[in-house]
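Please look over the sequence and the model below before reading on.

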Amino acid sequence: MLTLKLSIILVLLVSFSKGIKIFPTTRQNLIWYKSDNPNTYADYVNELDALMLNQQDRKSDWALCTSSNSYGFSLAYTGPCVFLSFPEKLQETPESYNSTTLPADAPGHLRNYIKSLEPRRIRETHNLAYITCYGAYPLDIENIGPIQFFRNIFIGILPYSAPTTFTKDVVAVYFEKPMRNIIINVECKIWAKFKTKQDLDNSVVAFDLLID
Ligand SMILES: *[C@@H]1O[C@H](CO)[C@@H](O)[C@H](O)[C@H]1NC(C)=O
């Protein structure tokens with residue numbers, strides 16, 4: 001019953017929110033838990049379990065980010081997995097960045113990644129958008145630690161098609177070793193040259209991560 005309720009709430013959220021979405025959903029954009037106290041992360045895990053119901057066949061793609069690991073929330077030596085879904089619909093198809101046109105404030109790991117694609121795959125990179133998460137401020141960049149992406153490995157093909165299911169269109173973001181006992185401001189963003197303000201606004205989300 002609880003699961004059913006959660007699903008209904010999520011379906012509503014999904015249909016009203018047009019931008020990138022983060023799961024688990026949060027109160028006041030804060031993901032806050034203690035890995036040694038299941039009560040503090042049960043809601044997060046239940047919500048993700050409800051979303052994963054239809055995707056048993058995909059489990060192997062998610063590495064650590066599975067229900068049996070409580071999506072990383074229960075692990076003392078590592079951080080959680082969060083899931084990002086792409087915006088449902090864009091007003092206009094954006095153009096891709098390449099390593100020279102990418103804005104100066106883009107994270108270094110993204111620039112390096114794009115550079116690594118360019119020598120052999122110039123044509124293909126013309127229609128890619130990239131999704132990354134990173135620390136929002138200098139201190140956060142230090143505290144956030146390494147991040148891994150599963151499934152789409154931070155690439156979306158332009159133009160997007162509207163997501164058909166939750167699981168088909170999400171990226172799992174795994175925080176390998178975030179600093180504990182401190183709030184980390186995390187920003188996640190799709191990098192492409194958006195043509196309207198609304199698309200640009202929908203291409204970025206922020207949340208705070210606090211692991212006690
Ligand atoms: C990136 O795009 C710009 C403008 O379209 C072009 O002038 C430049 O050569 C491209 N750089 C690479 C590395 O492809």
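Two strands are said to pair if DSSP finds at least two bridges between them. By that rule, strand 3 pairs with strand 7 in the antiparallel sense, over five bridges. One of these joins Val82 to Val173 in strand 7. Strand 5, residues 147-150, also pairs with strand 7 in the antiparallel sense, here over four bridges. In this second pairing, Ile147 has Phe175 of strand 7 as its bridge partner. The model is a predicted one.

The protein chain has five helices and nine strands. Along the sequence they follow the pattern α-β-β-α-β-α-β-α-β-β-β-β-α-β. The chain has 212 residues, of which 32% count as buried. Among contacts with a separation of 6 or more, 76% are between residues 24 or more positions apart.

How many residues of strand 7 are buried? Six of the six are, so strand 7 is largely enclosed by the rest of the structure. The two faces can be listed separately. In a regular strand, side chains alternate between the two faces of the sheet. On one side of strand 7 are Val170, Ala172 and Tyr174, on the other Val171, Val173 and Phe175, and all are buried.

Why does Tyr174 count as buried? The cut-off is 20 or more other C-beta atoms within 10 Å, and Tyr174 counts as buried because it has 20 C-beta neighbours inside that distance. Apart from neighbours within four places in sequence, Tyr174 is in contact with Ala63, Leu64, Cys65, Gly72, Cys81, Ile147, Gln148 and Phe150. The C-alpha atom of Tyr174 is also 8.8 Å from that of Tyr71, although the two residues are 103 apart along the chain.

Tyr71 itself is in the loop between helix 2 (42-52) and strand 3 (81-85). Tyr71 counts as buried because it has 27 C-beta neighbours inside 10 Å. Its backbone has a positive phi of about 55°, although Tyr71 is not a glycine. Most residues other than glycine have a negative phi, and most peptide bonds are trans.

Two further places in the chain can be read against that background. Asn181 has a positive phi of about 60° and is not a glycine. It lies in the loop between strand 7 and strand 8 (184-191). Asn181 is exposed, because it has 8 other C-beta atoms within 10 Å. Pro24 is found in the loop between strand 1 (21-23) and strand 2 (30-33).

Asn29 lies in that loop between strand 1 and strand 2 as well. With 14 other C-beta atoms within 10 Å, Asn29 is partly exposed. Not counting residues up to four places away in sequence, Asn29 touches Ala206, Phe207 and Asp208. Asn29 and Leu209 are 180 residues apart in sequence, yet their C-alpha atoms are 8.7 Å apart in space.

The next topic is the interior. In soluble globular proteins, nonpolar side chains tend to be buried together. The largest nonpolar core here has 40 residues, and Cys81, Val82, Leu84, Ala172 and Val173 touch the most other members. At least two residues of this core come from each of strand 1, strand 2, helix 2, strand 3, strand 4 (128-135), strand 7, strand 8 and strand 9 (204-211). Strand 7 gives the most, with six residues. Leu84 shows what the contacts of one member look like: leaving aside neighbours within four places in sequence, Leu84 is in contact with Ile20, Ile22, Ile131, Val170, Val171, Val173 and Cys188.

Helix 2 has its own set of buried residues, namely Tyr44, Val45, Glu47, Leu48, Leu51 and Met52. These cover an arc of only 160° around the axis, which means that they are on the same side of helix 2.

Which residues are around the ligand? They are Asn98, Ser99, Thr100, Thr101 and Glu118. This shell divides into four polar residues, one charged residue and no nonpolar ones.

Key: Residues are numbered from 1 along each chain as its sequence is written. This is a predicted model: local features need pLDDT of at least 70, side-chain atom pairs count only at pLDDT 80 or more; totals for chains, interfaces and linings use all residues. A residue is buried if 20 or more other C-beta atoms lie within 10 Å of its own, exposed if 12 or fewer, and partly exposed in between; C-beta atoms are placed from the backbone. Two residues are in contact if their C-beta atoms, placed from the backbone, lie within 7 Å. A residue is near a molecule or strand if its C-beta atom, placed from the backbone, lies within 6 Å of it. Ala, Val, Leu, Ile, Met, Phe, Trp, Tyr, Cys and Pro count as nonpolar, Asp, Glu, Lys and Arg as charged, and the others, Gly among them, as polar. A nonpolar core is a set of buried Ala, Val, Leu, Ile, Met, Phe, Trp, Tyr and Cys residues joined through C-beta atoms within 7 Å. The arc is that of the directions from the helix axis to the C-beta atoms.
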